[in-house]
Amino acid sequence: MTSRSLCFNLMKEDLKRRVWTMALTILSLVFTLLVPTAIRSSAYLDQLAEVMSEYEKMRWARQLETLVGINGMVIAVLVILAVVWAVSGFRYLHNSRQVDFYHSIPVKRGQLFLASYINGIAVTAAVYFAAQVISVLLILRTGIDSPLFQGLWWKIYLLNMVYYVMLYTTTVIAMMMTGNLIVALLGTVVFCGYGPGVIVLIRGYEMLWFHTICDTAGSAMKWMRMLNLSSPFANYMFALENFSQNTLEAGRMAGAVAVTAALAFLAYVLYRLRPSESAGKAMAFKKTQSPIKLLIALPVAVVFGMFFYSLRSTLTWGIFGALCGSVITCCLMEIIYHFDFRKLFANWIQMAACGAVSVLLILAGIYDWYGYDSWLPKATEVKSAAVWLGYEDNWVTYGEPEKETDYRGREQMVWNYGDQREYQYEHMELTDIYSVVELAGKGTRADGEIRKNGLHMWDSWGYDGRWRICVVCFRMNSGKTVFRQYRIPVDDELEGITASIHDSREYKNGTYPILAQSASDTAAVYFQQYDQVEKLNLDAQQQEKLLAVYQKELEELTMAVREKELPVGTIQFRTAAHQEAIDFYRDNEENRYNLDNRCYYPVYPSFTRTLDAIRGAGGTVEDLTEDMVSEVRIQYYTWYEGEDMTENQAAIAKAGYDGTDILYDDEEELRILTKALVYEGYYGMNRYYKADYADNVDVTVFFAKSEGASDKAAVYQSRRCQLDMNRLTEEEIQRFGLMRFEEEK
């Protein structure tokens with residue numbers, strides 16, 4: 001009892017010298033929480049006198065909930081108060097006279113610590129709780145039915161207080177480890193920012209020098225977890241994000257409480273061990289000076305080296321930056337430690353060691369001493385693999401429809417898109433490991449040439465030719481999964497390897513979700529040509545047969561075929577979930593469109609069985625001819641002046657200079673242009689098609705009813721197209737002023 005009474009009396013005496021801190025706490029929370037809530041709730045009651053829509057009521061409710069929920073101003077105030085209370089409570093430790101006075105009081109040092117430490121928590125907790133409760137009562141008197149009744153206000157109160165105590169204790173530790181206020185504040189910044197800073201540095205280091213590094217959803221989650229645990233402040237921000245998404249778990253809060261308790265115990269131990277004569281010095285414990293200096297100087301030196309290297313991509317500047325960063329940081333920290341400019345080189349051995357290590361890290365990155373980019377597994381070590389061959393098939397729709405609530409609180413159906421790479425990594429099981437290893441081997445050799453020539457990875461764009469970016473996922477026999485991304489110059493060997501991988505059924509099964517679709521999950525089939533859609537009249541048996549036929553022909557599709565053919569139409573095997581999502585909107589065509597046009601797959605001319613089945617179901621399959629085209633409008637971007645230009649060429653040249661369009665509707669002109677037209681939507685579905693497109697024009701085709709045209713094409717509409725100059729003679733190319741990119745002047 002005597003001990004408790006003594007501690008209570010010490011707390012009262014401690015508060016007397018910290019009246020200004022209490023006043024700051026009350027005023028800051030009143031004006032960031034209580035006053036805004038009173039103003040907004042009063043404004044809402046005034047609005048009730050008028051007719052308000054349900055949407056307006058909901059908007060007001062969310063604004064009021066935010067004030068007692070995740071309120072950014074309150075959070076900022078609590079972070080500042082954590083520092084202020086820690087500094088005001090233990091500021092006397094940095095003054096030798098005050099230390100002598102407090103330590104001469106016939107009270108155990110532990111009692112002194114607890115009195116100041118508990119006050120820094122209790123006052124803020126009480127004031128914040130009172131402001132929060134009053135704010136909630138002000139909101140509830142408006143009659144708003146909100147999640148406040150579900151405990152939102154006290155849950156966010158507990159969350160904020162747990163992390164307030166964590167940040168407060170972190171600052172207390174900084175006060176214990178230093179003997180100067182400025183150094184203590186710098187120490188607090190280091191404790192809160194060092195972990196995230198080092199993680200960002202490691203990430204930047206990898207991105208700069210690990211040329212074959214590949215980002216995946218799994219790696220992104222790994223970095224987020226590391227950031228989450230890197231410092232008290234970072235953990236607080238992640239906890240707030242989880243709370244806003246209703247994903248904050250009790251285990252996370254229990255962990256935060258446990259960490260806070262451990263920090264509090266550490267602060268108490270440091271207080272007991274702290275020498276009284278350390279007041280006024282930079283560091284209270286001399287043994288901590290060297291480790292802290294090296295832990296700070298080394299990352300800063302590496303950052304300097306990376307910065308200078310990124311400017312010129314040369315070894316000399318990288319080494320210069322590392323040495324410069326080492327010298328500057330070590331010298332500054334020696335000045336801070338000794339408060340004396342003459343101590344710049346007091347520990348030159350440590351400075352030299354830091355510089356040497358930082359230079360080695362720079363060299364390791366430049367020359368790949370880690371063996372990261374040169375790593376290549378043996379085929380016998382790989383169980384299976386997945387390969388992403390670039391964006392050639394980025395037209396494939398991944399994901400599924402789902403129901404969500406919009407900002408007005410209404411239910412809606414949206415398409416929850418999936419990522420192509422992640423789908424392939426998960427579903428592709430390539431067994432031709434030798435081809436995959438051969439592809440990776442070309443990637444490692446290409447990177448080796450880049451390093452050999454002293455180039456940064458992105459400087460390799462200077463290569464006179466095309467590059468292909470490929471990602472390989474190796475699933476090793478050991479159970480480990482390794483990802484690598486390669487940039488490889490395109491040559492005949494590479495095209496042969498990619499064709500071998502592309503033509504395998506494992507590749508297609510891991511790329512096209514349609515191949516995993518069953519007949520029982522197929523609700524309807526739609527065929528589309530030039531954006532004209534028709535539903536195929538099929539019974540269940542015909543539908544199952546068509547799906548099986550299409551899946552078979554898609555599996556058998558080869559790279560050689562794709563290089564020679566473009567789709568003549570697209571087909572959609574609509575699933576039951578997809579149909580249900582579309583039916584959700586009934587007659588709302590605008591919203592339905594965003595769901596209707598998903599999951600279409602190309603139909604190539606070589607898909608003869610599929611085309612026959614479409615025709616058998618009453619579908620119309622047509623070739624693009626001049627009979628379907630009313631006019632072709634071409635906008636020219638550039639033209640060169642040649643000798644002996646015809647009148648038509650002169651008009652084209654003028655159009656190029658003026659940025660105007662030229663309309664072609666003559667029968668002969670349409671006949672020539674139509675044979676070169678490539679419907680842009682179909683070209684986008686087959687990037688492997690070898691064409692020679694005109695690069696100086698934008699082409700718009702107008703379809704219209706004409707003799708011999710089908711009803712499907714008998715509607716006025718315009719569509720974007722490309723012009724393939726491989727289908728034209730040189731005379732026809734000149735006639736219409738078409739140019740290749742390298743010809744533009």
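Guide: What follows sets the labels against their cut-offs. This is a predicted model, where local features need pLDDT of at least 70, side-chain atom pairs count only at pLDDT 80 or more, and totals for chains, interfaces and linings use all residues. Residues are numbered from 1 along each chain as its sequence is written, and side-chain values use heavy atoms, with hydrogens and water left out.

Visitor: Fine. How many helices and strands does the chain have?

Guide: There are 27 helices and 14 strands.

Visitor: What share of the chain is buried?

Guide: Buried residues make up 50% of the 745 in the chain. The label means under 20% relative accessible area, with exposed set at over 50% and partly exposed in between, using a 1.4 Å probe and protein chains only. As for the accessible surface, the chain comes to about 37000 Å², and 57% of that belongs to carbon and sulfur atoms. Those areas come from the Shrake-Rupley method with a 1.4 Å probe; for residues, only the protein chains shown count as cover.

Visitor: Why is K552 called partly exposed?

Guide: Because its relative accessible area is 32%, a value between the 20% and 50% limits. K552 is found in helix 19, residues 540-555.

Visitor: And what is K552 in contact with, beyond its neighbours within four places in sequence?

Guide: R505 and R609. Contact here means heavy atoms within 4.5 Å. K552 and R505 are 47 residues apart in sequence, and their C-alpha atoms are 9.9 Å apart in space. Across the chain, of the contacts between residues at least 6 apart in sequence, 78% join residues at least 24 apart.

Visitor: On to rings. What makes Y205 and W209 an edge-to-face pair?

Guide: Rings of Phe, Tyr and Trp (its six-membered ring) pair if their centres lie within 6.5 Å; planes under 30 degrees apart count as stacked, over 60 as edge-to-face and the rest as tilted. By this rule the count comes to 37 aromatic pairs. For Y205 and W209, the centres are 5.1 Å apart and the planes make 75°, so the pair is edge-to-face. The two residues are four apart in helix 8 (residues 181-209), so about one helical turn separates them. Y205 counts as buried because its relative accessibility is 9%, and W209 counts as buried at 1%.

Visitor: Why is the pair of F308 and W317 called stacked?

Guide: Its planes are 5° apart, with 6.1 Å centre to centre, so it falls under the 30 degree limit and within the distance limit. F308 is buried at 18% relative accessibility, while W317 is partly exposed at 34%. Elsewhere, ring pairs link F90, F113, Y117, Y164, Y168, Y268 and Y271 into a cluster.

Visitor: How do you know that R421 sits over the ring of W388?

Guide: The test asks for NZ of Lys or CZ of Arg within 6 Å of the ring centre and within 35 degrees of the ring normal. The charged end of R421 is 3.9 Å from the centre of the W388 ring. R487 also lies over a ring face, that of W467, at 4.7 Å from the centre.

Visitor: What makes strand 1 and strand 4 a pair?

Guide: Two strands pair if DSSP finds at least two bridges between them. Strand 1 and strand 4 (residues 467-476) have six, and they run antiparallel. The bridge partner of A385 in strand 4 is F474, and S384 stands opposite R475.

Visitor: Why is strand 1 called largely enclosed?

Guide: Because six of the seven residues of strand 1 (residues 382-388) are buried. Strand 4 is largely enclosed too, since nine of its ten residues are buried. Strand 4 also pairs with strand 5 (residues 481-489), antiparallel, over nine bridges. Those two form a hairpin with four residues between them, and G479 in the turn has a positive phi of about 100°.
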